[in-house]
Amino acid sequence: MNALGARIAQLIEAQGPISVAEFMALANDAYYASRDPLGRQGDFITAPEISQVFGELIGLWIVQAWAAQGRPRAKRLVELGPGRGTLMADALRAARVVPEFLDGLEVVLVEASPRLRAAQAERVPGARWADRFDGSLGDAPLFLIANEFFDALPVRQFVKTAAGWRERMVTLGANRALAFALSPLAVPGPADAPLGGVMEMCPAARAIAADIARAVQTTGGAALIVDYGYDAPGFGETLQAVRGHAFADILAHPGETDLSTHVDFSALAAAAADAAAFGPVTQGAFLERLGIFARVERLVAANPPAASSLRSGAERLIHPDEMGKMFKVLAILPASAPPPPGFREC
Ligand code: SAH
């Protein structure tokens with residue numbers, strides 16, 4: 001057992017079993033604080049690290065949303081969980097085609113990890129940082145991006161047993177190893193689930209989506225949430241541990257593996273009821289509607305030797321067997337806004 005595992009074992013001995021969400025929060029805080037998880041040498045790779053076109057198209061989407069709302073001079077561009085800062089750097093570079101957008105723009109990066117903040121500072125000069133997304137970020141119109149942020153937030157899990165729904169907890173098993181167990185307390189849950197069915201609930205994701213919607217509705221602006229996930233919840237569990245681009249044991253090495261879940265987009269959309277939620281649409285459809293092919297061919301024309309890597313990067317983002325279908329995009333806009341680009345047939 002590693003040092004964090006031993007600390008969690010002590011905590012459980014002292015105060016009893018902890019929820020899966022508490023375990024996930026402790027493990028992921030330690031994980032992101034101790035490393036840069038991205039890239040070939042890391043544990044996983046994300047869309048902005050695969051292709052510059054991803055951040056560029058998102059930057060242009062944001063500029064268009066800003067233009068559609070009357071081009072307010074004061075504005076915030078906030079990114080949740082910016083990783084290495086690559087997406088933001090690509091988005092800001094693409095946005096240079098409309099210099100008026102950059103004029104008076106405040107860039108805020110919401111990042112918990114000091115290590116990743118340092119990587120972001122290199123790529124996004126002039127940004128400021130915040131520990132969390134809340135009302136302290138100001139009151140100018142809010143433009144917000146979150147790619148692969150919500151999947152890292154802690155979920156609670158509930159299991160349907162013959163005696164009803166029970167919360168899944170982390171406790172101590174044989175040899176004081178961390179082990180899953182069910183709470184003896186009954187909790188309410190849907191009656192139509194099969195025995196052994198699992199429900200995941202992410203209170204943090206709902207709270208953040210509600211805060212974003214409230215801000216967008218009051219100040220104006222637009223938010224784009226991209227992640228792997230599903231339209232409507234089933235009764236399957238999606239919590240997974242990933243290390244070195246392979247699945248790993250969830251409990252064995254806390255803080256050394258990336259813990260994530262598939263995002264419940266219907267829960268995010270419901271939590272955003274103060275504003276208007278559009279989608280989710282698949283990442284493939286979204287990027288194709290925003291013109292990913294034309295953008296790639298422009299880049300190829302400017303840099304022919306990079307043709308095959310530019311084209312294969314874009315293919316990875318949109319192909320249904322790669323990221324095109326499993327990844328989805330949800331937009332949050334003020335209640336009266338028409339469907340934004342990427343969310344309607346064109
Ligand atoms: N968006 C980036 C990185 C995804 S990895 C990309 O697409 O490449 C997840 C990011 O979210 C990391 O930057 C991580 O440090 C950050 N993060 C995870 N949980 C967080 C939390 N609770 N608060 C703030 N940042 C968090």
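Trainee: Which atoms of glycine 83 lie 3.0 Å from an oxygen atom of the ligand, backbone or side-chain?
Mentor: Backbone: an N or O atom of glycine 83 is at that distance from the ligand oxygen. Keep in mind that this is a predicted model.

Trainee: OK. And what does threonine 46 use?
Mentor: Its side chain. A polar side-chain atom of threonine 46 is 2.5 Å from an oxygen atom of the ligand. Asparagine 147 uses a backbone N or O atom, 2.7 Å from a nitrogen atom of the ligand.

Trainee: How much of the ligand does the protein bury?
Mentor: 91% of the 570 Å² that the ligand exposes when taken alone.

Trainee: How many residues surround the ligand?
Mentor: 15, and Thr46, Gly81, Gly83, Glu111 and Asn147 are the closest. By class, that shell has eight nonpolar, four polar and three charged residues.

Trainee: Where does the ligand sit, then?
Mentor: In the largest pocket. That pocket holds about 810 Å³ of space and is lined by 36 residues.

Trainee: Which helix gives the most to that lining?
Mentor: H2, with six residues. By class, the lining of the largest pocket has 21 nonpolar, seven polar and eight charged residues.

Trainee: New topic. What volume does the second largest pocket have?
Mentor: About 500 Å³. It has 19 lining residues, and those closest to its centre are Phe44, Ile45, Tyr228, Gln240 and Phe327.

Trainee: Which elements give two or more residues to its lining?
Mentor: Strands S11 (240-243), S12 (246-248) and S13 (258-260).

Note on methods
Residues numbered from 1 in each chain as written. Predicted model: local features only at pLDDT ≥ 70, side-chain atom pairs only at ≥ 80, totals over all residues. Heavy atoms only, no water. 1 Å grid on protein atoms, 1.4 Å probe; cavity = no way out; pocket = protein on both sides within 12 Å on 5 of 7 lines; lining within 4 Å. Points joined across faces, edges and corners; volume = space filled by probe spheres on them. Helix = DSSP H or I, 4+ residues; strand = E, 2+ residues; numbered from the N terminus. Nonpolar A, V, L, I, M, F, W, Y, C, P; charged D, E, K, R; others polar. Near = heavy atom within 4 Å. Polar contact = N/O pair within 3.5 Å; in protein donor to acceptor, adjacent residues only side chain to side chain. Areas by Shrake-Rupley, 256 points an atom, 1.4 Å probe, with all protein chains shown as cover. Sits in = over half its atoms within 2 Å of the grid points.
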